[in-house]
Amino acid sequence: MASADPLLTCRICGHEHRPVPLGPGERAHCVRCDTVLAHGSRLGPDAGLAFTLTGLLLAAPAAVLPFITAGKLGEKQTGRVFTGVEGLWHNGMHLLAVWVLLCGAIVPAALLTVLAGLLLPARLGRPPLQGRLLARAARALSDWAMPEVQVLAVLVALMKLGNLVDLTIGPGFWCYCAMTLACLLAWRSFEFQAAVENPARARPEPAQP
Amino acid sequence: MKPRPPSLRSGASANAGALAAAAAAMLVPANLLPVLNTQVSGVSRTDTIFTGIVELWRQGLWAIALVVFLASMLIPVLKLAGLAWLLLATRGRARHDARRLTQIYLALDFIGRWSMLDVFLVGFLAGLVRFGALTTVEPRSGIAAFAIAVVLTILATKMFDPRVLWDAPAPPDAAASPS
């Protein structure tokens with residue numbers, strides 16, 4: 001490769017671009033297929049790390065605090081993040097229970113941990129350990145992290161059960177919602193900044209023939 | 001970040017097609033088998049995905065019925081139809097509108113995960129509603145078939161290499177390369 005600049009390859013069409021600086025709020029589109037390649041964060045280069053750490057901090061209370069308390073004829077049941085997993089496991093659907101546990105809890109937490117492993121050393125001015133491997137892991141994990149779908153499922157469950165049992169929403173659900181938002185924003189910040197080796201500082205131009 | 005190698009993943013479209021066909025096959029038991037059994041005050045009721053949606057509608061929960069209909073019935077079918085379209089359009093060297101097909105691919109990639117809604121919902125209801133023998137919710141085998149169909153569909157979309165939309169009609173040495 002003769003070019004000194006790191007090349008920015010479109011993830012959709014494979015077209016290569018030469019990165020140039022990108023201002024806050026500016027978006028870079030692929031010249032061939034128009035896919036967004038990178039965008040300059042309005043919140044500064046540390047936004048991704050801030051969202052990642054927020055998500056990690058919220059993960060613990062989201063995991064232990066109650067989501068919903070359901071009461072019927074004096075009896076009470078508490079729903080938590082692992083309630084869906086228990087429901088499937090106790091009915092013999094072990095594989096499906098593991099799958100729900102992965103998509104709703106383990107993979108989002110792993111994604112946040114990997115992002116922290118990438119962004120924290122970069123913020124401290126050190127190269128991340130196994131950076132390329134971690135970036136690939138983050139992309140793979142992001143495909144299977146579905147906390148936002150779990151949030152919607154709990155909301156649908158709330159509406160469905162509304163006239164069957166008495167419901168109270170607990171703090172765990174709010175922590176989980178906030179963690180979900182932080183996870184999505186952290187991934188989004190990372191995805192578009194990681195398109196080039198110098199994060200948040202690239203505007204692609206067509207590669208020189 | 002290292003650029004992707006210029007060659008297309010070999011066999012990606014065939015693999016995507018096979019996974020999509022398997023997903024379509026799994027949608028049959030997913031829609032015919034019951035997904036949920038509800039016991040309220042001793043009255044038992046078993047629902048498939050469709051009868052569950054009809055029941056929500058009947059209870060006046062129209063918005064929720066619509067959300068579940070979109071996630072559990074429309075999106076899986078739309079996604080497989082869209083994938084079939086992409087695979088057929090990129091077969092051989094026929095000309096196609098690459099930009100439009102790219103938009104379809106990005107849309108399919110975005111909507112796929114929302115089909116998991118019913119799986120999370122059935123699990124959560126089964127875990128939460130356990131009030132002795134009088135009021136319980138239990139999952140049924142249809143939900144496992146549905147989850148398999150969703151996972152196969154997501155895998156099929158991941159397997160599909162969108163560069164085939166752009167590179168197929170051109171000779172292999174036309175891939176962009178730096179000077």
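This is a predicted model: local features need pLDDT of at least 70, side-chain atom pairs count only at pLDDT 80 or more; totals for chains, interfaces and linings use all residues.
The account begins within chain A. Helix α3(A), residues 94–123, and helix α4(A), residues 131–144, have axes that come within 9 Å and cross at roughly 150 degrees. Because angles over 145 degrees count as roughly antiparallel, α3(A) is described as roughly antiparallel to α4(A). The crossing of these two helices is left-handed. On the side of α3(A), the contact involves W99(A), C103(A), V107(A), A110(A), L111(A), V114(A), L115(A), G117(A) and L118(A), and these meet G131(A), L134(A), A135(A), A138(A), L141(A), S142(A) and W144(A) of α4(A). By class, 13 of the residues in this contact are nonpolar and three are polar, while none is charged.

A helix pair in chain B can be described in the same terms. Helix α2(B), residues 49–58, packs against helix α3(B), residues 62–89, at an angle of about 165 degrees, and their axes are 8 Å apart. The two helices are therefore roughly antiparallel to each other, and their crossing is left-handed. From α2(B), the residues I49(B), F50(B), I53(B), L56(B) and W57(B) take part; from α3(B), their partners are W62(B), I64(B), A65(B), V68(B), F69(B), S72(B) and M73(B). Eleven nonpolar residues and one polar residue make up this contact of α2(B) with α3(B), with no charged residue.

Helix α5(A) packs against helix α5(B) at an angle of about 50 degrees, the axes lying 8 Å apart. That angle makes α5(A) oblique to α5(B). The crossing of α5(A) with α5(B) is right-handed. Chain A contributes V149(A), Q150(A), L152(A), A153(A), V154(A), V156(A), A157(A), K160(A) and L161(A) of α5(A), while chain B contributes L117(B), F120(B), L121(B), F124(B), L125(B) and L128(B) of α5(B). This contact has 13 nonpolar residues, together with one polar and one charged residue.

At least two lining residues are supplied by each of α5 (147–161) of chain A and, from chain B, strand β1 (36–40), strand β2 (43–47) and helix α2. By class, the lining of this pocket has seven nonpolar, three polar and five charged residues.

The structure also holds three cavities of 30 Å³ or more. About 140 Å³ of space lies in the largest cavity. Of the 14 residues that line the largest cavity, K160(A), L36(B), G52(B), D118(B) and L121(B) lie nearest its centre. K160(A) and L121(B) are also among the residues in the contact between α5(A) and α5(B). Within chain B, helices α2 and α5 (117–128) each supply at least two residues of the lining of the largest cavity. That lining divides into nine nonpolar, two polar and three charged residues.

The second largest cavity has a volume of about 50 Å³. It is lined by P76(B), K79(B), G112(B), S115(B), A149(B), V150(B), T153(B) and I154(B). Helices α3 and α6 (142–159) of chain B are the elements that give two or more residues to this lining. Helix α6(B) provides the largest share of the lining, four residues. By class, the lining of the second largest cavity comprises four nonpolar, three polar and one charged residues.

Helix α3(B) contributes to the lining of the second largest cavity.

Methods
Residues are numbered from 1 along each chain as its sequence is written. Chains are lettered from A and ligands numbered from 1 in the order in which they are written. Side-chain values use heavy atoms; hydrogens and water are left out. Axes are lines fitted to C-alpha atoms, for helices over the stretch in contact, and angles run from 0 to 180 degrees between N-to-C directions. Angles under 35 degrees count as roughly parallel, over 145 as roughly antiparallel, 65 to 115 as roughly perpendicular and the rest as oblique. A crossing is left-handed if the near helix is turned anticlockwise from the far one by less than a right angle, and right-handed if clockwise. Contact means heavy atoms within 4.5 Å. Ala, Val, Leu, Ile, Met, Phe, Trp, Tyr, Cys and Pro count as nonpolar, Asp, Glu, Lys and Arg as charged, and the others, Gly among them, as polar. On a 1 Å grid over the protein atoms alone, a cavity is a set of points where a 1.4 Å probe fits but cannot get out, and a pocket is an open set with protein on both sides within 12 Å along at least five of seven lines; lining residues have an atom within 4 Å of a point. Grid points are joined across faces, edges and corners, and a volume is the space filled by probe spheres set on the points.
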